[in-house]
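Here is a short briefing for a first look. Please keep the sequence and the 3D view open while reading.

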Amino acid sequence: MGDTTLPEQPLVDALVFDWGGVLTVSVPEFVGAWLHAEAIDREAYGRIMREWLSRDALPDNPVFRLETGELTVAEFERLLAAELITTTGEKIDENGLLKRMFGGATPDPAMVGLVRKARAAGLHTALLSNSWGEGYPKDLLIELFDTVVISGRIGLRKPDERIYRHTLDQIGVAAERAVFFDDAPINVEAAHAVGMHAFRHTSAELTRANLATLGVNL
């Protein structure tokens, strides 16, 4: 007998996913490879990211301004390069910094397969991503998602509740009929706050299991 505690019919109509660290390999994996390749001091990098990305980060910091489109990629790269140091003492090349940083952010085949199955099954699939530039693989986004919401294009960023409501409006479903997956707990909490089902993504296997609790078997 199967698990009779799981719903027989899907409780959601729409699946919403973050990009970096959810549809790609993990952020520590691709960022770690970049830090190693450019001999960047990990402690210095960690300090500045905590300052710019933590729950206590000031709202006008460079990451927030980049993600809402207030800073250009070039302007952000200049600010970030000025903060980073290398273990060799060499200067960081600011030109193309984000492209190099995200160079290892390759799609996770298991998650790509999961989203393909979801869309083929008739579920609405959506991307909700805080953008660090426009380095998304366009053809893959077209293949995988019915709806694409990228923070820099609309001037809103997660965890602002308005970007979740905007995404739901674009999809055309009520919050309780959508589920959201992100690797950042603060973004998951914000989705819960607007009434969505939401889970922290750590692996395709766990995400598939969490979907099963909502009657979505992929």
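**Helix α1**

In helix α1 (residues 27–37), the buried residues are Phe30, Val31, Gly32, Trp34 and Leu35. Buried means under 20% relative accessible area, with a 1.4 Å probe and protein chains only. Helices are DSSP runs of H or I with at least four residues, strands are runs of E with at least two, and both are numbered from the N terminus.

This is a predicted model: local features need pLDDT of at least 70, side-chain atom pairs count only at pLDDT 80 or more, and totals for chains, interfaces and linings use all residues. Residues are numbered from 1 along each chain as its sequence is written, and side-chain values use heavy atoms, leaving out hydrogens and water.

- The buried residues of α1 pack against α2 (42–53) and α5 (97–101); contact means heavy atoms within 4.5 Å.
- Ala39 follows α1 and has a positive phi, near 55°.

**Helix α4**

- Phe76, Glu77, Leu80 and Ala81 are the buried residues of helix α4 (residues 73–83).
- They sit on the same side of α4, because their arc around the axis is only 130°, taken from the directions from the helix axis to the C-beta atoms.
- Their cover includes α2, α3 (62–67) and α5.

**The sheet**

- Five strands form an open sheet in the order β3-β2-β1-β4-β5, with parallel pairing; strands pair if DSSP finds at least two bridges between them.
- β3 (147–150) and β5 (197–200) are at the edges with a single partner strand each, so one side of each has no neighbour in the sheet.
- Strand β2 (residues 124–129) pairs with β3 in the parallel sense over 4 bridges.
- Leu128 stands opposite Val149 in β3.

Definitions and conventions. Buried < 20%, exposed > 50% of the residue type's maximum accessible area, 1.4 Å probe, protein only.
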